[in-house]
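Please keep the sequence and the structure at hand.

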Amino acid sequence: MAMAFKMATTGMWVTDECKNSFMEMKWKKVHRYIVFKIDEKSRLVTVDKVGGAGEGYDDLAKSLPSDDCRYAVFDFDFVTVDNCRKSKIFFIAWAPTASRIRAKILYATSKDGLRRALDGIHYELQATDPTEMGFDVIRDRAK
């Protein structure tokens, strides 16, 4: 497996699959969202789930575990008050209160490295429960 980018602070590696899936979402619009997870044994950040173009924000929220950390990117399409179609990419650091302390620390220290590997993120959210990353929060930040 080819490694694309090493995160210097934690020794984690971002796989090529992560970057390639992100570029497909960003440029080709074939994915609505991508969920990433860290495999602690192999020290790799991998793609956990990919949401198709027809899926929505609720599908992303349902795909995040209630007891483990994840990263996610979401492509939010909207129309401005001037009737212009826009798209903004959100990076979500998901660390629910029920997750292990070790996982929270690992995800917190690895976040910046993944963000650097995924070029083109507009906004970042950190959430410990679903209300902190609700659709209304996304919509308000994008305007």
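Which side chain meets Arg32 in a salt bridge? In this predicted model, the partner is Asp77, with N to O at 2.8 Å. The pair links distant parts of the chain. Arg32 sits in strand E3, residues 31-39, and Asp77 in strand E5, residues 70-79. The two are 45 residues apart. Their surroundings can be described too. Arg32 counts as buried, at 16% relative accessibility. Asp77 counts as partly exposed, at 34%.

**Other salt bridges**

How many salt bridges does a search of the whole structure find? The count is 9. One of them joins the side chains of Arg70 and Asp48, at 3.0 Å from N to O. Arg70 lies in strand E5 and Asp48 in strand E4, residues 44-52, so this pair ties together parts that are 22 residues apart in sequence. Arg70 is buried, with a relative accessible area of 10%. Asp48 is partly exposed, at 33%.

Glu55 and Lys49 also form a salt bridge. Their closest N and O atoms are 4.0 Å apart. A salt bridge here needs the nitrogen within 4 Å of the carboxyl oxygen. Both residues have a listed accessibility: Glu55 is partly exposed at 26%, and Lys49 is partly exposed at 31%. Salt bridges that share partners also join Glu40, Arg100 and Arg102 into one network.

The three pairs described individually are set out below.

| Pair | N to O distance |
|---|---|
| Arg32 and Asp77 | 2.8 Å |
| Arg70 and Asp48 | 3.0 Å |
| Glu55 and Lys49 | 4.0 Å |

**Cysteines**

How many disulfides does a search of the whole structure find? The answer is 0. A disulfide is a covalent bond between the sulfur atoms of two cysteines. The cut-off used here is a pair of cysteine sulfur atoms within 2.5 Å.

Is Cys18 buried or exposed? Cys18 counts as buried, at 0% relative accessibility. Cys84 is partly exposed, with a relative accessible area of 36%.

**In brief**

The search gives 9 salt bridges and 0 disulfides. Strand E5 takes part through Asp77, paired with Arg32 of strand E3, and through Arg70, paired with Asp48 of strand E4.

Methods: Residues are numbered from 1 along each chain as its sequence is written. This is a predicted model: local features need pLDDT of at least 70, side-chain atom pairs count only at pLDDT 80 or more; totals for chains, interfaces and linings use all residues. Side-chain values use heavy atoms; hydrogens and water are left out. Buried means under 20% relative accessible area, exposed over 50%, partly exposed in between (1.4 Å probe, protein chains only). Helices (H or I, at least four residues) and strands (E, at least two) are DSSP runs, numbered from the N terminus.
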